[in-house]
Amino acid sequence: MLEKTYDYDVAVIGAGPAGLAAAIAARKQGAGRVIIIERDRVPGGILNQCIHAGFGLSYFKEELTGPEYAGRFIEQAKEESVELLLDSMVLNIEEEGTIVCSNPKRGMIAIHAGAVVLAMGCRERTRFNIRIPGSRPAGVYTAGAAQRLINRQNEMVGKRIVILGSGDIGMIMARRMTLEGAKVEAVVEIMDYLAGLTRNKVQCLDDFGIPLLLGHTVTRIIGERRVEGVYIAKVDESRRPDLSTEQFIVCDTLLLSVGLMPENELTRSAGIQMSEVTNGPRVNQYMQTSRANIFACGNVVHVNDLADNVSAESELAGRNAARYALGKFCPKSREISCIAGSNIRYVCPQLLSVNDIDNGNSAEEGGEKARLYLRVMKPGAQTVITACCNGQVVAKKNVRRVSPGEMEHIDIQIKALRGTGVKEIKIEAEEGE
Amino acid sequence: MDYKSDIVIIGAGAVGVAIAREFAKYKKKVMVVDKRDDVGGDASKSNSSIICSGFDCPPNTLESRLCLASRAMIDKVVEELDIPFKACGAIMPAFTQEQMNLLPQIYKEAYENQVYDVEYISAKQILEMEPEVNPDVLGGLYIPRDAVIDPFLFVVAEAENAAVNGVEFLLDAEVTDIHVIDGRVRSVETSKGMIETCYVINAAGLFCDEIARMVGEGGDFTVKPRKGQFYILDKNTPCKTSRIIYPIPTPETRGKLLLQTIHGNMLLGPTAEDLEDKDDHSVTAKELEEVEKDCKRLVPNIRVQDTITQYCGLRPNRIPAGFHIGFGEKTEGYFGISGVRSTGISTSLGIAKYVVHLFGEAGISLERNYDFIPIRRGIERFSEANDKRRAKLIRENPLYGRVICRCETVTEAEIVEAIRRPVGAKTVDAVKRRVRAGTGRCQGGFCAPKVIEILARELGIPVTRIRKNLIGSDMLSGMLRKEKEVL
């Protein structure tokens, strides 16, 4: 047995934007002892390396940098007496919510918690995930790794850069590298539309005259020791490169911004049900996983565009975890599956928990109203998003334009589903008025 | 002269390092030189990780004899040197009547190779043993002693143990010339200085023809690279086999196999592409698609979309083929090894014994070193310890409590030890091969920035001098600000 065990109402894994917001919300909801376990030696997660502005516009109604945005939550966490266990890696979540973690000074620690919130965030897809051919030299970095080296470790990764993928981190790094004196030759995107937010294209690429090549991909990496260049080519409709269009770009660095994957090693080993589409745990509108005492929020569930959205979603998870720990969480009676219909890649939460009698869960907590987040498959102009049960529209929303890179949402009245026997709710997006 | 040694071994791959360790059992001063940053060579680190029983070697050859001899020695060596090894066995399924008709010949050759435990098995037995094998299987062979090893740690462990027993390693040192005076080897010139020596053992693999030419030997052969490309899949991939699954070989190639590595990843490959360029380490889309296609014939549900890395190795393809091991014909003190193509790690232990034997036969005095220490302990892996053991490890060394590689749960203590050991890691890839930091699903995305800092701290050099592997593979282009702010 381990030497040290501690008891908490709520234990949160990860002190990034999700974990901080969840822990603060859990305290505010009345949880007595709340702890965040964080593997880094400082709280803030990925925000610590996001030194650019653009955070907080929706949450704080002002523009902040990543560290500033994190700083506000860290302050609040202190005020709320949230405990922080830094430099600690969670190795396992046992039955009954016991978390086993390692810490250099304190050794192996067991933390018993009434409820657990998973907030481990996500990781970047690599060149191997997308199988880029070529040699394997130094100078191929994921955009996030380069961002850490530059913004936290003060180390520059290269001088002439090609970026594959128009995800937000890729575009932000295009600007960052340029500001540090590197030459960004191009941002190359395999799809014929932008992967990240339009505002990032304007602020990070257009303002700096960095070319964006849509419908192109990197076909080969050249260089045995350090990157000496990359070949790029146009792709056809099935996204296969047309090698007759191959052209060589001299560079010493290739940055990859080719997608993020929720990081769920712990979740899987805890036996929690996963979604094959999001690669995150399946959750209900309370952000509760298939293990009733374990909640999840932020990019561990599905990859968000904005930290502000993560904060809001995580507060919901934190409050419900606190209510669960305090015995105030009404057990679920019936679950409705949220199905991704035409032109929808995924819907999250994947489940709606409905009590056929009013359980007194407030509207805010998802007892009466639930917000479904979704991503479309392909971009479109004026689009109608609908939610249907048995062919009947239960919610409908008009959106001016949609893009897979920008998350949408639709609100569902849970009340209306009570006592109906509905088993699933289908979400669809269709271009038109 | 910058260095002096009785024997210089050129090439720190599986063969060169095994020979070095074998000579350490005698009172000989041995130095191993290699142009790479680390031991482990090229083909020795980029292969299918199989220790072969020798069932499919060309019968009645030196290769076959040495493979058989090595397999007999491996169990003791992996125990002495604490090397991850699993005698998982192999299955060779046949899917057509033509393939079924080839089995008797393979069986016969296994017997000629004295691998007597190869057996026929039925389709039903195959599917019971390996339910993921294509159900169209008609029958096949079972090869019980084909095994998988950690090929990196195999060479690293031998090198560490050789170093503890007095062998010196000169890495990042390219051999530029071998000086012969009066028909006798006198010295080896490298990019790191001159080594005075009486004997040179050429274990340079892919480059052994070029080394041979330096002393006027090897006029009768050349070595061309035969590229093999591989996939490694995520440990979480749902479709796995527990044994090696071999295809039925064709006259051209042994074909593409599947196996579960010693660390639990599925491995698929290799291709066999004959090339000219000895520096071409690129993976190619078309050939990797062939790997996928061929492997799916054996195991249809294998999920190549779960790939976490692709790599390739260059097998030294001697033309004409065949093992050639012995002293030079023209130059005294020169000893050449060539033709070790696909079975380098499988034959290396036998080759080492054979080389030392030939030295003895040649009348070179070999006084036994009875102080030889045969035992080496591996770096204790936090991920494999139970919680009680983990607690003890952290108490004794707090750095065991700090996980650096989250995918493979590798701690700072393990990384530091990999750097500090004899023949320690000096590059990011050398750390990766020793303790697996960066071999997981994020492929170093999270841990490489930290490993760079740990290497710089432990080696006492600036981070800007940290390399991925070879000279010129710098990880960073410079520093940004003068004052470093550490968060």
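Predicted model: local features only at pLDDT ≥ 70, side-chain atom pairs only at ≥ 80, totals over all residues.
Chain A has a radius of gyration of 22 Å, which agrees with the value near 22 Å that a compact globule of 433 residues would have.

**Chain A as a whole**
- The secondary structure of chain A comprises seven helices and 28 strands.
- Of the 433 residues in chain A, 55% count as buried.

**A:Pro133**
- A:Pro133 lies in the loop that runs between strand S9 (122-124) and strand S10 (140-142) of chain A.
- Because A:Pro133 has 20 C-beta neighbours inside 10 Å, this residue counts as buried, the cut-off being 20 or more.
- Leaving aside residues up to four places away in sequence, A:Pro133 touches A:Thr219 and A:Arg220 in chain A, together with B:Ser282, B:Val283, B:Thr284 and B:Ala285 in chain B.
- The C-alpha atom of A:Pro133 is separated by 34 Å from that of A:Met89, a residue 44 positions apart from A:Pro133 along the chain.

**Helix H1 of chain B**
- Helix H1 (residues 14-23) of chain B is largely enclosed by the rest of the structure, because ten of its ten residues are buried.
- The buried residues of H1(B) include B:Ala14, B:Arg21, B:Glu22 and B:Phe23.
- Among the elements of chain B that cover these buried residues are strand S2 (7-10), strand S3 (30-33), helix H5 (151-164) and helix H8 (344-361).

How values were computed. Residues numbered from 1 in each chain as written. Chains lettered and ligands numbered in written order. Buried ≥ 20, exposed ≤ 12 C-beta atoms within 10 Å, placed from the backbone. Helix = DSSP H or I, 4+ residues; strand = E, 2+ residues; numbered from the N terminus. Contact = placed C-beta atoms within 7 Å. Rg over C-alpha atoms; globule rule 2.2 N^0.38 Å.
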